[in-house]
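Hi,

Here's the structure I promised to send over.

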Amino acid sequence: MNILSKFSPVILALFATLFTYSVTALGASLVFFFKDVNKKILNSMLGFSAGVMIAASFWSLLSPAIEMCKGSNQSPVIPTALGFLLGGLFIYFTDISVNKIDVFREKEENNKSWKRMFLLILAITLHNIPEGLAVGVAFGALKFQSTQSVLIAAISLAVGIGIQNFPEGAAVSLPLRREGSSTFKSFMYGQASAIVEPIAGVIGAYLVTFIKAILPYALSFAAGAMIYVSAKELIPESQSEGNEGIISIVTLIGFAIMMVLDVALG
């Protein structure tokens, strides 16, 4: 804590989100070694990622938000519930807006596969925004509560999001390679899907360091966004090829690992 306390929360958020971005790039780099990966393996990784994100949403975001409200002698009900719902609604309406994009409507029939790839990249890029925001807000909290428990929660969140970013990088680069893109181009698209995380992380940290009152709302907002992404994208996609029981167990394992990481270190 002594070494890290020398850095501002914004700089720490930048370092943390650069780490989460680099793990995405690492996942995308699988395209240099494999042209394709068994769909069941990718689905298991997505299920594991969903468990990690759900656990991180509570232990690293909602729980600190509740404690902050109690520490300032205010009820945590409205800030956490309202922020949580707004986070989910934000991603919901973003999804609706994206689905109205007509950029490929006039393309010929043989370009349908590229439309799917475009929408996949766009979906992953968009849901990396709340992940980066979540990490930024968690580190921004250090401005007002510079304690070891808050720092550990922020680091655990960054590690958890980094873990679940690995399959996302692969989920972009490998399908692109399978559709005929070059290895390098597939990798570049895969890693680029997470470049928004450092940007969102710095913005999130910067905002909360100046407005203490919004911190519980911001933490809860990030949690709601992450839960929405898990329920809407990760879990259904992970079970798209069947094996729901096994995938559910993998999801539980991801949750348990993230929970142990947060509770044991915090």
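Below is what I found about two pairs of packed helices.

Keep in mind that this is a predicted model. Two packed helices are described by the angle between their axes and the distance between the axes, so that's how I'll go through them.

Let's start with α1 and α7. Helix α1 covers residues 9-28 and helix α7 covers residues 196-210. Their axes are 8 Å apart, at an angle of about 155°. Angles over 145 degrees count as roughly antiparallel, so that's what α1 and α7 are to each other. As for handedness, α1 passes α7 in a right-handed crossing. On the α1 side, the contact residues include Pro9, Ala13, Leu14 and Tyr21, while α7 brings in Pro198, Val202, Ala205 and Tyr206, among others. Sorted by class, the residues of this α1 and α7 contact come out as 10 nonpolar, 4 polar and 1 charged.

Now for the other pair: helix α2 (residues 39-71) and helix α5 (residues 148-178). Here the axes come within 9 Å and cross at roughly 160°, so α2 and α5 are also roughly antiparallel to each other. Which hand does the crossing of α2 and α5 have, left or right? It's left-handed. From α2, the residues making the contact include Leu42, Met45, Phe48 and Val52; among those from α5 are Leu157, Ile161, Phe166 and Pro167. This contact of α2 with α5 has 15 nonpolar and 5 polar residues, with no charged ones.

Cheers

Terms used. Residues are numbered from 1 along each chain as its sequence is written. This is a predicted model: local features need pLDDT of at least 70, side-chain atom pairs count only at pLDDT 80 or more; totals for chains, interfaces and linings use all residues. Side-chain values use heavy atoms; hydrogens and water are left out. Axes are lines fitted to C-alpha atoms, for helices over the stretch in contact, and angles run from 0 to 180 degrees between N-to-C directions. Helices (H or I, at least four residues) and strands (E, at least two) are DSSP runs, numbered from the N terminus. Angles under 35 degrees count as roughly parallel, over 145 as roughly antiparallel, 65 to 115 as roughly perpendicular and the rest as oblique. A crossing is left-handed if the near helix is turned anticlockwise from the far one by less than a right angle, and right-handed if clockwise. Contact means heavy atoms within 4.5 Å. Ala, Val, Leu, Ile, Met, Phe, Trp, Tyr, Cys and Pro count as nonpolar, Asp, Glu, Lys and Arg as charged, and the others, Gly among them, as polar.
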